[in-house]
Amino acid sequence: MKALVQRKYTFRPVFFNSLHSQPSGPSQMKLKILVGSMTHTADHVAQAIQMECADLARPVEVEWMDGLDIHVFDAEKAADTLFLVCISTYGEGDVPDNAQMLFHSLDAQARFLGHVRYGVIALGDSMAHSQTYGFGGKRFDERLQDLGAQRLGDICFLDSSDGTLPEAKGAQWCRAWLKAVLEQVSAPGAAGSGS
Ligand SMILES: Cc1cc2nc3c(=O)[nH]c(=O)nc-3n(C[C@H](O)[C@H](O)[C@H](O)COP(=O)(O)O)c2cc1C
């Protein structure tokens with residue numbers, strides 16, 4: 001499946017101005033946040049994004065990964081949709097329990113996901129788990145890329161040991177990410193831009 005890996009978009013850096021400055025106008029894109037979590041931190045991040053980014057993507061949906069399989073990425077559901085995988089790490093670098101079924105179905109029901117555009121927020125603890133820091137998000141990302149899905153931008157790592165508030169940091173990152181990504185996907189010639 002490695003041969004299917006698509007060339008990644010280059011990501012233009014965006015400077016963090018004030019959180020709500022320069023709204024880029026209503027977008028036709030939906031943001032679907034898939035939450036993999038054990039103790040709700042990733043869910044709190046997703047909810048903060050839902051509140052802070054409602055002016056950039058419509059709608060912003062938050063869905064726990066429980067019960068999902070690869071069909072969540074079916075082409076008809078992925079049209080005009082950006083996915084954001086917001087996921088923590090457990091065990092020895094594993095995805096959380098509620099993400100196991102979806103994660104394994106990316107192998108068991110593998111299919112080409114070239115129509116999927118996504119970002120990743122990887123939660124972890126770099127002090128307590130330095131060897132497997134953020135591996136839940138990293139492993140999910142690798143699996144999606146193996147299937148041809150296109151990650152937009154770099155992974156956002158949220159470290160529970162760095163003293164920052166994950167909700168604030170995640171929402172700030174997501175605003176910048178969305179602005180950059182929406183510019184890319186709506187640029188003339190971009191796949192799915194309709195131009
Ligand atoms: C039992 C246990 C195992 C963990 N293993 C890892 C790990 O391997 N790598 C990592 O980066 N973080 C690890 N963490 C840290 C969590 O991923 C981190 O605290 C995260 O913010 C929790 O998010 P959640 O509440 O959404 O599940 C572990 C935490 C616990 C309690």
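**Briefing: the ligand shell and its surroundings**

Helix 1 (41-52) and strand 4 (117-124) each supply at least two residues of the shell around the ligand. Helices (H or I, at least four residues) and strands (E, at least two) are DSSP runs, numbered from the N terminus. This is a predicted model: local features need pLDDT of at least 70, side-chain atom pairs count only at pLDDT 80 or more, and totals for chains, interfaces and linings use all residues. Residue numbers start from 1 along each chain, as its sequence is written.

**The ligand shell**
- The ligand is surrounded by 22 residues. A residue is near a molecule if its C-beta atom, placed from the backbone, lies within 6 Å of it.
- Ser37, Thr41, Ser88, Gly124 and His129 are the closest.
- The shell holds 7 nonpolar, 13 polar and 2 charged residues. Ala, Val, Leu, Ile, Met, Phe, Trp, Tyr, Cys and Pro count as nonpolar; Asp, Glu, Lys and Arg count as charged; the others, Gly among them, count as polar.

**Overall layout**
- The protein has 5 helices and 6 strands.
- From the N terminus on, the order is β-α-β-α-β-α-β-α-β-β-α.
- Of the 195 residues, 38% count as buried. Buried means that 20 or more other C-beta atoms lie within 10 Å of the residue's own; exposed means 12 or fewer, and partly exposed is in between, with C-beta atoms placed from the backbone.
- Take the contacts with a separation of 6 or more: residues 24 or more positions apart account for 82% of them. Two residues are in contact if their C-beta atoms, placed from the backbone, lie within 7 Å.

**Helix 1 against helix 5**
- Helix 1 and helix 5 (residues 166-186) pack at an angle of about 45 degrees, and their axes are 8 Å apart. Helix 1 is therefore oblique to helix 5.
- Axes are lines fitted to C-alpha atoms, for helices over the stretch in contact, and angles run from 0 to 180 degrees between N-to-C directions. Under 35 degrees is roughly parallel, over 145 roughly antiparallel, 65 to 115 roughly perpendicular, and the rest oblique.
- On the helix 1 side, the contact is made by Thr41, His44, Val45, Ala48, Ile49 and Glu52. Helix 5 brings Pro166, Glu167, Gly170, Ala171, Cys174 and Arg175.
- The residues of this contact divide into 6 nonpolar, 3 polar and 3 charged.

- Threonine 89 lies in the loop between strand 3 (81-87) and helix 3 (100-108). Threonine 89 counts as buried because 26 C-beta neighbours lie inside 10 Å.
- Beyond its neighbours within four places in sequence, threonine 89 contacts Asp94, Leu123, Gly124, His129, Thr132, Gly134, Phe135 and Gly136.
- Threonine 89 and phenylalanine 135 are 46 residues apart in sequence, and their C-alpha atoms are 6.1 Å apart.
- Lysine 138 lies in helix 4 (residues 135-146). Lysine 138 has 19 C-beta neighbours inside 10 Å, so lysine 138 counts as partly exposed.
- Lysine 138 and threonine 89 are 49 residues apart in sequence and 9.5 Å apart in space, C-alpha to C-alpha.

**Backbone details**
- The peptide bond from arginine 58 to proline 59 is cis, with omega near -10 degrees. Proline 59 lies in the loop between helix 1 and strand 2 (60-64).
- Histidine 40 has a positive phi, near 80 degrees, and is a residue other than glycine. Histidine 40 sits in the loop between strand 1 (30-36) and helix 1. With 12 C-beta neighbours inside 10 Å, histidine 40 is exposed.
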